[in-house]
Amino acid sequence: MRNITEMKEELLAVKGLEFADLVLLNAKVVFIHTEEVLNSGCVYIKNGRVIAIHHEHKLKAKEEFDCKGKYLIPGLIDGHIHIEPTLLTPEALGDVIVPHGTTTLLTDAMEIGNVAGLEGVRDLMKASEGQIKYNMFLEVPSRVPTAPGLETTGGVMGLEEVTELLGESYSVSMGELDPSKVLGMKEEYLEKINAAHRLGKIANGHAAGLQWDDLNIYALAGLTDDHECVYYEELLERIRLGMTVMIREGSTERNIETLITGVLEHKLPTEYILFCTDDKHAHEIKHEGHINYMVNKAIELGLDPLKALKIATINTAKHFRIDHILGSITPGKWADILLVEDLKNISPTHVFFHGELVAENGKILENSKQGIYPEYLLKTVKLSDDFGTNKFEVLAIGDSIEVKTINIYPDQIINFKSIENLPIKDGKVCTDLEKDILKLAVVERYGVNGDVGVGFVRGFGFSNGALACSVAHDHHNIVVVGSNDDDMALAVKTVEKYQGGLVAVSDGEIKGVLPLPIAGLMSDLDAPEVIERIEALNEITYEMGCKIPSPFMSLSFISLPTVPELGLTDKGLVEVKSHSIISLFEENKIMN
């Protein structure tokens, strides 16, 4: 918040009695509220804020910047992101997103919350203070753990912790809450929603798979949005019930084409639509873009450029009740401004953050400094003393057995269940590589109980080796997929060695590693090196025969117990609809 001294300085500058800090001259200014363009204008900035817009240069300014006829648009806003799955710290991430024009992130820090609780969330926000060239607001984690009793986590955040964080100035909402908490009328979570509302903040939704009857209940509880829509009909139903839809385009959640196509075909108003990435690896942001990619994709599909920009700016700011400081180029708002050559191609030539030029022609002008993370966040991976290959054995009797198998969709985090007949050899259920069925396991990594959940999955495509990672939503235990138990065990032990990471193993040899020592979620390296390593790892997986575009992102979501139809945690196979642990087998032939 600005103080009275700053406000007076700004008012005097607008009156022409003091100098503005900066004027952007010869610009085509986009008036986002009215969807108009001022073809020749000047924008004045002082104390990091826009103070005036004029048709001609009429106020005094210490510095002038010639925009040479480029368009001025507001900085873009990501309505819902988990920073940790980018594999970068907030500081390093800024060097990737800011050149693409994203100047505000609304981050749900449930990942570090599940690892380290309230203290971890606070330390994540603290480490980036003064180090980043974008606005970062917190969507306070509402479900730590996500599935109590169905998973082991390193942290727990109850009503007291959530309420405490909601009171912070950097908090804008209560973060995403899955349907089981509301439909089951669990008082702790209903109280969390009320806590947000009492503080004048919204409560974010996560309504994956909900249909009309249950969606009514969900909306009644006060959940204001959803980022899990896959089909247009889902988007329409949510907006009909007064919810806002965040269209998502992450690494494995590719929803924009289907949803925007539906919006255009049905001529649906866009006031209640936002953009978000949710989970997207840094190398894809670098090459593809961030929120600007979504704006450009929507325009390419036929959406009017100014409406696409509204979705990515003022719509989001209004929804989160921060439009008094963000979302438009108007007096009193932060001077987060992009210069672009063409409104049909949002590729910023210049990015201003709080009136400071921070990126030019796709490059950050000054790399962010890495924040300081406390020692406890660097030591979060501890396997049980008895961990070994035998933990992956699935025992059964007979020659074969029908197994409930997770089937992954390309470009989506939802999955479907199938019943597959798998061979039994020496009393152990085996993979079936001809059917592309591999073994899947989740290994408890907090040194609490040593639990290991084992299942089977179809869709990865490789026939030799194993992949493991310590980014496993939302509990963030170690998830591993493989063709054989030995490679799986080696991959998991390698994750522990590096205190977190992504690992590829084949024939007993470690083929590639990206260490993630900060909470087992984020690298301490700068963005270019992380991007280089994740691209190298992906190449290794493709050489192993993997067929999906973002194998480690897909792997990280398989363990999620809140997205249909099945999830796997360290406790076992989870049926999402009933929110319960179920048997791996159709018939109970497991051996004790």
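The domain assignment of this protein gives three stretches: domain 1 (4-69), domain 2 (75-325) and domain 3 (377-581). Such bounds come from an automatic or database domain assignment. The centres of domain 1 and domain 3, taken over C-alpha atoms, are 53 Å apart.

A word on the source. This is a predicted model, where local features need pLDDT of at least 70, side-chain atom pairs count only at pLDDT 80 or more, and totals for chains, interfaces and linings use all residues. Residues are numbered from 1 along each chain as its sequence is written, and side-chain values use heavy atoms, with hydrogens and water left out.

Next, the cores. A nonpolar core is a set of buried Ala, Val, Leu, Ile, Met, Phe, Trp, Tyr and Cys residues joined through side-chain atoms within 4.5 Å; buried means under 20% relative accessible area, with a 1.4 Å probe and protein chains only. The largest one has 157 residues, and among those with the most contacts inside it are Ile247, Phe275 and Phe460. Helix 3 (residues 110-127) gives the most to this core, with eight residues. Helices here are DSSP runs of H or I, at least four residues, and strands are runs of E, at least two, numbered from the N terminus. The core draws at least three residues from each of domain 2 and domain 3. A second, separate core of 16 residues includes Val29 and Phe352.

Three strands form an open sheet in the order 11-12-13, with parallel pairing; two strands pair if DSSP finds at least two bridges between them. Strand 11 (225-226) and strand 13 (273-276) each have a single partner strand, so one side of each is left without a neighbour in the sheet. Strand 12 (residues 244-248) is joined to strand 13 by four bridges. Ile247, which we met in the core, stands opposite Phe275 in strand 13.

Last, strand 23. Which way do the residues of strand 23 point? Ala466 and Ala468 point one way, Leu467 and Cys469 the other, and all are buried. In a regular strand the side chains alternate between the two faces of the sheet. Strand 23 pairs with strand 24 (residues 478-482) in the antiparallel sense over four bridges, and Ala468 stands opposite Val480 there. Four bridges also join strand 23 to strand 25 (residues 501-506), again antiparallel, where the bridge partner of Cys469 is Leu502.

Technical notes:
Buried means under 20% relative accessible area, exposed over 50%, partly exposed in between (1.4 Å probe, protein chains only).
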